[in-house]
Amino acid sequence: MAETKTPAEIAERIQKRRVALMMLFPILYLSQQAPFWLKMLSSQPFRFVDKVQIGAYTLWALALLVLLATGGGLGRSQAVRDLLSDESTREHRAKAYASGFWALILGCAALGVASLFTALSPLIILNALLTLGVVVPCLTFVVLERRALRD
Amino acid sequence: MTEPALISSLRELRTEAGLTQAELADRVGVTRKTVNTVENGVFIPSTVLALKLARALGKPVEALFRLPD
């Protein structure tokens with residue numbers, strides 16, 4: 001007979017997987033952006049394939065934000081999803097959003113200063129801010145969740 | 001080291017009641033992680049959660065949590 005797991009057991013397993021994914025995905029997201037930044041630095045024109053890649057970064061960023069906002073567990077029961085967004089998770093999420101806010105403000109200030117010395121294309125500004133706005137909250141959330149899961 | 005904003009006796013009272021973190025979490029509808037963070041003083045629970053924890057352990061909420069002197 002198949003062993004049935006309780007919502008709490010399922011939620012705990014998803015929680016751990018969520019932390020692992022949310023640590024791995026932003027790192028992959030950053031590493032996948034290397035070609036974009038190399039191209040920007042070399043001032044080569046964008047080909048169609050580069051534009052598709054930039055669109056893919058945006059979709060990836062949105063997927064990370066959805067994971068952060070919903071807590072995961074899509075397709076699971078309401079009980080499991082409630083546990084995946086329980087009180088401490090909601091607090092961690094709020095702190096993660098706050099860290100993203102500060103990262104964006106500081107990023108805007110840094111880009112503002114940089115624009116005094118060099119011309120910045122809208123694509124650079126967009127990608128830099130999107131990266132900050134996604135990666136910083138995700139990694140903040142991961143740090144808080146990992147600390148919370150530690151006994 | 002800074003003093004915690006809330007002193008919790010949750011771990012002692014839970015152990016006294018013979019419950020695991022997972023069992024207590026199940027009774028109050030949160031994950032084991034949340035109970036763990038409350039016990040470790042990392043997370044200050046909401047009033048509702050504090051009252052649920054107190055009810056689950058059959059103790060007044062003041063027995064679980066107190067402010068530092």
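A nonpolar core is taken here as a set of buried Ala, Val, Leu, Ile, Met, Phe, Trp, Tyr and Cys residues joined through C-beta atoms within 7 Å, where a buried residue has 20 or more other C-beta atoms, placed from the backbone, within 10 Å of its own. The structure is a predicted model, in which local features need pLDDT of at least 70 and side-chain atom pairs count only at pLDDT 80 or more, while totals for chains, interfaces and linings use all residues. Residues are numbered from 1 along each chain as its sequence is written, and chains are lettered from A and ligands numbered from 1 in the order in which they are written.

The largest nonpolar core comprises 16 residues, and those with the most contacts inside it are A:Leu132, A:Val134, A:Val135, A:Cys138 and A:Phe141. Helices α3 (48–70), α5 (87–117) and α6 (122–149) of chain A each contribute at least two residues to this core; helices (H or I, at least four residues) and strands (E, at least two) are DSSP runs numbered from the N terminus. The largest share, eleven residues, comes from α6(A). Beyond its neighbours within four places in sequence, A:Leu132 is in contact with A:Ala103, A:Leu104 and A:Gly107, contact being defined by C-beta atoms, placed from the backbone, that lie within 7 Å. A second, separate core of 13 residues includes B:Leu10, B:Leu24, B:Val30 and B:Leu64.

Chain B contains five helices and two strands, arranged along the sequence as β-α-α-α-α-α-β. Its radius of gyration, taken over C-alpha atoms, is 11 Å, in agreement with the value near 11 Å for a compact globule of 69 residues under the rule of 2.2 Å times the number of residues to the power 0.38. Of the 69 residues of chain B, 35% are buried.

Within chain B, α2(B) meets α4(B) through B:Leu24, B:Arg27 and B:Val28 on the one side and B:Leu49, B:Lys52, B:Leu53 and B:Ala56 on the other. By class, this contact has five nonpolar, no polar and two charged residues; Ala, Val, Leu, Ile, Met, Phe, Trp, Tyr, Cys and Pro count as nonpolar, Asp, Glu, Lys and Arg as charged, and the others, Gly among them, as polar.

The contact between the chains takes 15 residues from chain B and 13 residues from chain A. On the side of chain B that touches chain A, α2 (21–28) and α3 (32–39) of chain B each supply at least two residues, and α3(B) gives the most, with five residues. The residues of this side of chain B divide into seven nonpolar, five polar and three charged.

Technical notes: Contact = placed C-beta atoms within 7 Å. Buried ≥ 20, exposed ≤ 12 C-beta atoms within 10 Å, placed from the backbone.
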